[in-house]
Amino acid sequence: MSEPKTPTPTPAGDTYKGWVFKWTNYIKGYQRRWFVLSNGLLSYYRTQAEMGHTCRGTINLATATITVDDACNFVISNGGAQTYHLKASCEVERQRWITALELAKAKAARMQAESDDSGDDFSPSSPPVAPGQGGGSQNSEVQSALRTLGSKVEDLSTCNDLISKHGSALQRSLSELDSLRLTGEAGDKIRQVTERATLFRITSNAMINACRDFLALAQAHSKRWQKALQAEREQRVRLEETLEQLAKQHNHLERAFRGAAQANATTDNKSAAGPGKGEASDEDDDNEFFDAMEEAPEFITVPADPQFHKRSSSNISGFNNEMCPDDQSLNEEPLAMNQESPSQELVPLKKRRMRIPDKPNYSLNLWSIMKNCIGKELSKIPMPVNFNEPISMLQRLSEDLEYHELLDKAAKCQSSLEQMCYVAAFSVSSYSTTVHRTGKPFNPLLGETFELDRRRESGYRSLCEQVSHHPPAAAHHVISDRGWTLRQEITVASKFRGKYLSIMPLGTIHAIFEKSNNHYTWKKVTTTVHNIIVGKLWIDQSGEIDIVNHTTGDRCHLKFAPYSYFSRDVARKVTGVVMDKDGKAHYVLSGTWDEKMEFSRVMQSSRGGENGTEGKQKTVYQTLKAREVWKRNPLPDGAEMMYYFTALALTLNELEEGVARTDSRRRPDQRLMEDGRWEEANAEKQRLEEKQRSVRREREREAASQRTSSQSEEAVDEDSLIDPSLKSAPHDNYQALWFERCEDRITGEQVHIYKGGYWEAKERGSWEDCPDIF
């Protein structure tokens with residue numbers, strides 16, 4: 001086994017190579033082999049020339065164990081069939097290999113742990129980079145640099161551990177040397193101390209080299225980052241200068257427009273023109289500057305000339321006389337609302353709860369559940385209660401009545417245009433409860449109901465019933481003692497798109513006022529839940545609403561602006577215009593759907609220049625000072641621990657006596673979730689859903705048997721062959737208990753309308769007709 005002195009192994013970056021003796025068998029014993037350590041793998045070859053084509057064996061150090069037998073021997077094993085018995089030419093060379101192997105093993109184990117932690121969670125969250133954009137490459141370059149720096153830091157940490165280990169061994173050897181007398185053993189001990197000092201020097205040099213690499217890499221990237229930071233600073237300065245110029249141009253345009261408006265007003269005073277004559281002449285060149293705005297709004301509002309405040313009372317300007325009573329009633333409305341009957345204040349009111357149990361902190365891997373749901377209807381996905389909030393969709397619909405006083409004020413209005421302002425504010429206010437509500441309400445069971453009896457407190461009674469399951473549809477009817485009725489049937493269509501969830505409410509909302517006989521209809525906008533997989537959930541509302549008064553022909557067009565990172569407008573912005581049947585604007589609405597809405601009376605309107613991209617003309621409205629028509633109520637204390645429920649939402653699931661046995665308050669899984677018993681709630685939820693499916697299958701079998709018998713009995717009837725209603729008979733013969741299906745005389749849609757009987761049954765305490773769904 002005498003061999004010439006082997007060359008010293010040479011490190012090359014993360015690769016370590018050299019000759020080591022490997023045990024082969026009892027006949028040949030140890031044979032010299034060329035070993036290569038790279039990327040956490042230790043491979044060996046018979047000669048260096050075999051590196052390009054023949055590898056004799058490879059072992060992964062991430063799961064391997066390294067043990068030292070004696071001064072020159074060491075063993076590497078992965079716990080399976082691979083075990084290498086190796087021998088170095090001397091103890092110093094053996095220690096070099098041990099140091100390199102321990103460093104490579106630590107790095108390989110760390111990389112494997114990071115790979116296991118990332119798994120599928122990181123791959124879908126990486127946003128795609130559009131072609132031609134450099135942001136993705138820059139981000140990946142930064143991430144690569146950070147990973148390299150982190151790897152170097154880990155190398156330093158490992159070297160530090162090894163230095164501590166060898167330093168301790170050296171200290172023990174020195175202590176033993178001091179305790180020995182000068183005998184024959186002194187020479188061996190001195191030689192041992194010398195070897196350990198040499199090992200300590202080798203490890204120290206490795207750490208110094210790692211520090212040098214780290215410093216060089218940090219310096220190289222530091223210059224690049226400084227340049228990027230300087231470029232960002234210069235860009236920010238340019239943007240600030242541009243913004244300042246735009247602000248100056250805006251002030252100049254506003255002054256120019258006011259001057260033109262005053263000139264037109266003077267002309268109107270001299271000629272005693274009608275309401276429309278002063279509008280056709282506003283075609284000066286100043287209006288064309290509005291087209292330079294990015295994402296320009298459909299209309300522009302500017303303060304009206306102070307003369308309009310005086311002229312409106314004397315009718316010099318020729319505006320509609322109903323404007324003045326509108327303003328007066330809007331100002332006096334809060335006073336009128338306080339003039340309630342004294343007898344109502346003497347009625348003792350039920351004290352409602354103000355808290356619910358705090359939301360428990362349960363962790364759940366969202367992607368493991370949602371990755372198999374992409375493109376599916378949300379109502380058909382079995383979801384655990386971890387994604388829910390402890391109220392049902394019927395109760396969520398009833399939350400539209402959070403600001404019912406807007407309809408109370410609308411019922412007292414003398415003008416339909418003024419009434420439209422309150423109805424529009426009510427339609428916007430229903431979204432204010434959703435700004436922080438990222439939880440999903442429980443899907444109601446078929447036949448489930450929810451009543452909200454606030455007749456003594458607020459003068460209204462509300463009833464919801466789940467009238468269909470696929471597609472899910474809920475009918476809602478509210479009647480108020482203060483002169484209004486609200487009804488709606490909402491079908492929710494929802495799609496999960498991977499990064500966001502779109503919820504599209506389908507159906508029409510009706511508001512009818514008894515005194516004026518005005519009948520209003522509108523639809524809801526799309527709700528989008530963002531960051532479904534990665535990041536903090538947030539909700540946005542976007543779309544347009546057209547509120548129509550079918551009695552007078554008045555209209556209100558509301559626009560919910562979608563959130564945009566590059567928009568300079570306020571977030572969650574809502575704008576709208578109230579117009580009469582002739583298309584003349586009377587009020588302008590503005591605000592946000594999560595805070596407040598304001599209205600301004602239009603005094604004069606004119607056409608601006610054409611939009612260069614779409615060719616549309618924008619209308620400029622001169623308005624009086626804006627006044628608040630609705631403002632969101634503050635959330636209760638500790639709302640963040642109570643699912644961000646409002647004061648009304650906290651009372652919706654409160655147990656009440658006398659409600660129907662199908663009421664959402666009696667739903668067991670929802671009650672268990674509110675109490676914080678989520679595991680039991682999940683089990684109960686599965687039981688209820690399976691019970692509903694079995695009842696539906698039985699109902700479908702009955703419907704099929706009825707159709708079969710009906711077709712056999714009416715086979716000779718000619719009408720049965722040509723009547724399309726017989727051919728399109730539903731597979732399920734379910735009929736709602738408190739609502740009946742009929743054609744809406746306003747919209748022509750097939751809807752469910754309240755047929756009566758619920759409140760009478762409640763007074764009698766007679767719920768025999770209610771199905772057993774819980």
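The following conversation concerns a predicted model of one protein chain.

Colleague: How do you know how far the predictor trusts this model, and what is the mean pLDDT of the protein chain?

Modeller: The mean pLDDT is 78, and 75% of the residues reach 70 or more. Where pLDDT is low, the predicted coordinates should not be read in detail.

Colleague: Why is Ser392 called buried?

Modeller: The cut-off for a buried residue is under 20% relative accessible area. Ser392 has 0% relative accessibility, and therefore it counts as buried. Ser392 belongs to strand S10, residues 388–392. Leaving aside residues up to four places away in sequence, Ser392 touches Pro441, Phe442, Glu448, Ser664 and Gln670.

Colleague: Why is the pair of Phe35 and Tyr84 called edge-to-face?

Modeller: Two values are needed, because a pair of aromatic rings is described by the distance of the centres and the angle of the planes. Rings pair if their centres lie within 6.5 Å, and planes over 60 degrees apart count as edge-to-face. The centres of Phe35 and Tyr84 are 6.3 Å apart and their planes stand at 70°, so the pair is edge-to-face. By this rule the count comes to 18 aromatic pairs.

Colleague: Which parts of the chain does the pair of Phe35 and Tyr84 link?

Modeller: The pair links distant parts: Phe35 lies in strand S3 (residues 29–38) and Tyr84 in strand S8 (residues 83–87), 49 residues apart. Both Phe35 and Tyr84 are buried.

Colleague: What makes Tyr403 and Trp630 an edge-to-face pair?

Modeller: Their rings are 5.5 Å apart centre to centre, with 85° between the planes. The distance is within 6.5 Å and the angle is over 60 degrees, so the pair is edge-to-face. Tyr403 lies in the loop between helix H8 (393–398) and helix H9 (405–411), whereas Trp630 is in strand S26 (residues 627–631), 227 residues apart. Tyr403 and Trp630 are both buried. Elsewhere, ring pairs link Trp738, Tyr758, Trp759 and Trp767 into a cluster.

Colleague: Where does the charged end of Lys524 sit?

Modeller: The charged end of Lys524 sits over the ring of Tyr431, at 5.4 Å from its centre. The distance cut-off for such a placement is 6 Å. Arg32, in turn, lies over the face of Trp19, 4.1 Å from the ring centre.

Colleague: Which residues touch the most other members of the largest nonpolar core?

Modeller: They are Trp484, Leu486, Phe513, Trp522, Ile547, Leu558 and Phe560, in a core of 64 residues. Helix H10 (residues 416–429) gives the most to this core, with 9 residues. A second, separate core has 18 residues, including Tyr16, Trp97, Ile98 and Ala100. In soluble globular proteins, nonpolar side chains tend to be buried together.

Colleague: What does Leu486 touch?

Modeller: Residues up to four places away in sequence are not counted; among the residues that Leu486 touches are Leu401, Phe426, Val478, Ile509 and Trp522.

Notes
Residues are numbered from 1 along each chain as its sequence is written. This is a predicted model: local features need pLDDT of at least 70, side-chain atom pairs count only at pLDDT 80 or more; totals for chains, interfaces and linings use all residues. Side-chain values use heavy atoms; hydrogens and water are left out. pLDDT is the predictor's confidence in each residue, from 0 to 100. A nonpolar core is a set of buried Ala, Val, Leu, Ile, Met, Phe, Trp, Tyr and Cys residues joined through side-chain atoms within 4.5 Å. Buried means under 20% relative accessible area, exposed over 50%, partly exposed in between (1.4 Å probe, protein chains only). Helices (H or I, at least four residues) and strands (E, at least two) are DSSP runs, numbered from the N terminus. Contact means heavy atoms within 4.5 Å. Rings of Phe, Tyr and Trp (its six-membered ring) pair if their centres lie within 6.5 Å; planes under 30 degrees apart count as stacked, over 60 as edge-to-face and the rest as tilted. A charge sits over a ring if NZ of Lys or CZ of Arg is within 6 Å of the ring centre and within 35 degrees of the ring normal.
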